[in-house]
Amino acid sequence: MMFKNLTISYEIIKSLKNSKNPRLGQQIRSISSLKVVWKKDTKLDEAIEQDKRYKLCARVVKEVLNEPGQVIPLRYLEKRRERLSLNFKAKSFVEMNPSLFEIYYDRIKPKSELVQFIRPTSRLRAFLDEEQRIYAENEPLIVSKLCKLLMMAKDKVISADKLVHVKRDFGFPNDFLVKIVQKYPNYFRLTGLPEEGKSFLELVTWNPDFAKSTIELRAEEETLQTGVRIRPNFNVKLPSGFFLRKEMREWTRDWLEQDYISPYEDVSHLDQASKEMEKRTVGVVHELLSLSLLKRVPVPTLGKFCDEFRFSNAFSSVFTRHSGIFYLSLKGGIKTAVLREAYKDDELVVRDPLLAIKDKFLSLLEQGWQERKDKLREQREQVQRDKEMLLAANSNEPKERLCD
């Protein structure tokens with residue numbers, strides 16, 4: 001029995017093949033003259049929008065935890081509002097998130113006046129312990145992700161600074177360059193001058209078990225379950241209401257029929273402008289998004305790795321050119337590349353095990369939000385009770401007679 005969603009979108013290819021085109025089977029035409037209209041995908045935009053509050057809270061927590069003693073004067077945090085994109089007062093943020101921080105008084109200097117400080121609550125401390133436990137449980141996954149990034153890179157080397165910049169996107173712990181890299185010298189070597197921001201992470205050993213992309217693994221699994229050899233290729237799923245013009249349909253048909261090029265394959269011999277390199281670039285981006293926590297990464301973040309992954313300067317055009325594979329969200333004024341097949345509406349189809357950390361953090365936030373709602377409701381009810389008591393007291397007072 002065949003699967004509903006096989007690796008190749010056979011419905012699309014079948015319809016394209018039925019097109020009576022005399023140029024069928026000819027060399028793929030140049031894409032430069034073909035236009036693809038960008039279409040908004042409301043559901044995928046909603047998936048990004050839902051994370052705004054979570055990301056803001058995570059930024060502020062990181063800011064406080066990076067301070068000496070993991071405490072900070074409230075007025076210092078207030079001065080950093082613009083950098084943190086905090087559009088209300090720092091004290092209001094603390095009050096709105098009672099599960100994260102608590103306010104106490106201390107001196108900045110021994111003889112200075114007492115001022116308000118904030119520090120992590122015991123519940124936030126417990127979450128941080130749980131976060132470390134989840135990282136430890138998923139250490140093999142983290143190692144494989146890090147190896148895969150290096151295995152796709154030119155010369156199997158990536159700037160350590162760039163990897164630190166994307167650690168949240170791929171689910172790496174803050175101290176992965178210390179704990180993970182040093183723990184696995186059989187896989188990783190850190191070179192250069194870390195103190196000057198010029199360090200690099202190198203791959204020591206090539207593990208063939210890691211050298212299979214999500215697409216290749218999916219094809220193998222479908223082959224085993226169907227008994228029919230499935231050729232690795234992209235799952236193309238055009239969004240509802242999206243139609244390709246004839247020229248683009250023909251180009252897409254021909255492009256899909258090209259052989260898949262694994263992102264782990266050596267392509268140093270390929271010309272940057274070749275049709276094979278186009279297929280390889282899409283394959284690398286697909287794999288990068290598949291390895292990411294949320295199956296989406298800001299385009300500027302991917303752009304930092306143009307040299308390492310042999311992307312052309314115009315690599316971002318693949319997101320609109322291959323609209324059945326990727327979605328380019330403009331939500332929040334930032335271009336974000338989203339892997340379409342990873343989502344059903346605004347929900348991930350398969351969740352990365354490391355997302356358990358995010359789930360725990362969201363649960364902690366929601367506890368605090370509910371506590372604040374309950375507290376505000378109690379205050380309103382108390383005010384109402386006080387009003388009723390005052391009215392009742394006034395109605396029972398003897399009325400003063402103006403005359404006898």
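Modeller: Asp254 is buried, at a relative accessible area of 11%. Its side chain meets that of Arg253 in a salt bridge, 2.9 Å from N to O. Arg253 counts as buried too, with 1% relative accessibility, because buried here means under 20%. In total the structure holds 28 salt bridges.

Take another pair, Glu102 and Arg119. The closest N and O atoms of this salt bridge are 2.8 Å apart. Glu102 belongs to strand E2 (residues 101-107) and Arg119 to strand E3 (residues 114-120), so the bridge links distant parts of the chain, 17 residues apart. Glu102 is partly exposed, with a relative accessible area of 33%, and Arg119 is partly exposed as well, at 32%.

Then there's Asp307 with Lys154, a salt bridge whose closest N and O atoms are 2.9 Å apart. Here the partners are 153 residues apart: Asp307 is in the loop between helix H15 (299-303) and helix H16 (318-321), while Lys154 is in the loop between H8 and E4. Asp307 counts as exposed, at 51% relative accessibility, because the cut-off for exposed is over 50%. Lys154, at 26%, counts as partly exposed.

E4 and strand E6 (residues 198-203) run antiparallel and are joined by three bridges. If you want a place to look along that pairing, Ile158 stands opposite Leu201 in E6.

The largest nonpolar core has 98 residues, and the members touching the most others are Leu100, Phe101, Phe188, Phe319 and Phe361. H8 gives the most to this core, with eight residues. Let's zoom in on Phe319: leaving aside neighbours within four places in sequence, Phe319 is in contact with Val285, Val299, Leu302, Phe326, Leu328 and Ala337.

Over in helix H15 you'll find Thr301. Thr301 counts as buried, at 10% relative accessibility. Again leaving aside neighbours within four places in sequence, its contacts are His165, Val166 and Asp169.

Two backbone spots are worth a glance while you have the structure open. Ser85 has a positive phi of about 60° although it is not a glycine. You'll find Ser85 in the loop between helix H5 (81-84) and helix H6 (90-96), where it is partly exposed, with a relative accessible area of 48%. Lys295 likewise has a positive phi of about 60° without being a glycine. Its place is the loop between helix H14 (275-291) and strand E7 (296-298). Lys295 is buried, though, with a relative accessible area of 11%.

The chain averages a pLDDT of 86, and 88% of the residues score at least 70. Confidence is highest in helix H8 (residues 139-152), at a mean of 98, and lowest in helix H1 (residues 10-17), at 42. Over residues 1-32 the pLDDT is below 50, and this stretch still has 58 contacts in the model beyond near neighbours in sequence. Where pLDDT is low, predicted coordinates should not be read in detail.

Key:
Residues are numbered from 1 along each chain as its sequence is written. This is a predicted model: local features need pLDDT of at least 70, side-chain atom pairs count only at pLDDT 80 or more; totals for chains, interfaces and linings use all residues. Side-chain values use heavy atoms; hydrogens and water are left out. pLDDT is the predictor's confidence in each residue, from 0 to 100. Helices (H or I, at least four residues) and strands (E, at least two) are DSSP runs, numbered from the N terminus. Contact means heavy atoms within 4.5 Å. Two strands pair if DSSP finds at least two bridges between them. A nonpolar core is a set of buried Ala, Val, Leu, Ile, Met, Phe, Trp, Tyr and Cys residues joined through side-chain atoms within 4.5 Å. Buried means under 20% relative accessible area, exposed over 50%, partly exposed in between (1.4 Å probe, protein chains only). A salt bridge is a side-chain nitrogen of Lys or Arg within 4 Å of a carboxyl oxygen of Asp or Glu.
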